[in-house]
Amino acid sequence: MKLQVAIDLLTTEAALDLAGKVAEYVDIIELGTPLIKAEGLSVITAVKNAHPDKIVFADLKTMDAGELEADIAFKAGADLVTVLGAADDSTIAGAVTAAKAHNKGVVVDLIGIEDKVTRAKEVHALGAKFVEMHAGLDEQAKPGFDLNGLIRAGVEAGVPFSVAGGVKPSTIDAVQQAGADVAVVGGAIYGAPDPALIAKELRGAIMWRPAH
């Protein structure tokens with residue numbers, strides 16, 4: 001299972017600082033939607049230049065103009081881009097067309113999708129590299145939020161998936177046991193007093209339980 005750090009900071013400087021601290025422990029560096037909106041495509045290029053050996057994930061959350069938006073992100077240095085599962089199939093297919101042209105990948109983010117299992121199967125058929133079983137920050141803040149719902153959806157869908165929504169050292173084992181391809185960790189890393197220490201702990205938890 002790969003470890004993905006989601007960087008929801010707001011400046012390129014802060015993103016590069018955090019990426020530098022945790023890069024040795026993570027496989028994928030995700031540039032969050034607020035970060036890309038605040039800094040533009042240049043933050044993608046800056047992070048890819050600083051960490052050419054890492055997978056750079058641009059969380060565009062594209063809803064329309066899939067081929068165009070994916071193309072500009074890939075040209076800026078992204079290896080993966082997100083399209084929302086709520087987007088039209090043609091938007092997802094367009095992004096996949098751009099991905100094939102650049103030999104990159106599209107991740108379909110199922111945030112806000114009620115029936116994640118059905119949509120996961122549909123978008124996988126459209127060419128998504130994997131689907132993201134995702135509960136956003138606002139949803140996580142609601143009383144009674146439970147990560148296990150995302151995990152169950154991933155297992156039931158039976159397609160490559162990531163889990164994003166409050167993954168931390170105490171829950172990453174459950175994500176790995178479920179067969180997830182990627183565990184996405186945001187606040188538990190960037191909100192920690194020592195992000196590198198938490199990233200190292202998460203990496204250790206993954207290595208302790210090898211993939212089946």
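Arg119 is buried, with a relative accessible area of 11% (buried denotes under 20%, exposed over 50% and partly exposed the range in between, for a 1.4 Å probe and protein chains only). The structure is a predicted model, in which local features require pLDDT of at least 70 and side-chain atom pairs pLDDT 80 or more, whereas totals for chains, interfaces and linings use all residues. Residues are numbered from 1 along each chain as its sequence is written, and side-chain values rest on heavy atoms, with hydrogens and water left out.

The side chain of Arg119 forms a salt bridge with that of Asp89, at an N to O distance of 2.9 Å (a salt bridge requires a side-chain nitrogen of Lys or Arg within 4 Å of a carboxyl oxygen of Asp or Glu). Because Arg119 belongs to helix H6 and Asp89 to helix H5, the pair ties together parts that are 30 residues apart in sequence (helices are DSSP runs of H or I with at least four residues, strands are runs of E with at least two, and both are numbered from the N terminus). Asp89 is partly exposed, at 36% relative accessibility. Salt bridges with shared partners also join Lys48, Asp79 and Lys104 into one network. In the whole structure, eight salt bridges are found.

Two further salt bridges lie within helices. In helix H1 (residues 12–22), Lys21 and Asp17 are four residues apart, and therefore separated by about one helical turn; their closest N and O atoms are 3.3 Å apart. Both partners are partly exposed, Lys21 at 41% and Asp17 at 43% relative accessibility. In helix H4, Lys75 and Asp71 are likewise four residues apart, or about one helical turn, with 3.0 Å between the closest N and O atoms of the salt bridge. Lys75 is exposed, with a relative accessibility of 62%.

Glu30, in strand S2 (residues 28–31), is buried yet lacks a salt bridge; Lys61, the nearest side chain of opposite charge, is 5.7 Å away (Lys and Arg count as positive, Asp and Glu as negative, and His and the chain ends are not counted). Residues up to four places away in sequence aside, Glu30 touches Gln4, Val5, Ala6, Ile7, Phe57, Asp59 and Val184 (contact means heavy atoms within 4.5 Å).

The largest pocket holds about 470 Å³ of space. Pockets were located on a 1 Å grid over the protein atoms alone, as open sets of points with protein on both sides within 12 Å along at least five of seven lines; lining residues have an atom within 4 Å of a point. Of the 26 lining residues, Asp8, His134, Gly136, Leu137 and Gln140 lie nearest the centre of the largest pocket. Helix H7 gives the largest share of this lining, four residues. The lining comprises 10 nonpolar, eight polar and eight charged residues (Ala, Val, Leu, Ile, Met, Phe, Trp, Tyr, Cys and Pro are nonpolar, Asp, Glu, Lys and Arg charged, and the others, including Gly, polar).

The second largest pocket contains about 180 Å³ of space; volumes are the space filled by probe spheres set on the points, which are joined across faces, edges and corners. Its lining includes Gly112, Ile113, Glu139 and Ala153, and helix H8 supplies the largest share, three residues.

Key. On a 1 Å grid over the protein atoms alone, a cavity is a set of points where a 1.4 Å probe fits but cannot get out, and a pocket is an open set with protein on both sides within 12 Å along at least five of seven lines; lining residues have an atom within 4 Å of a point.
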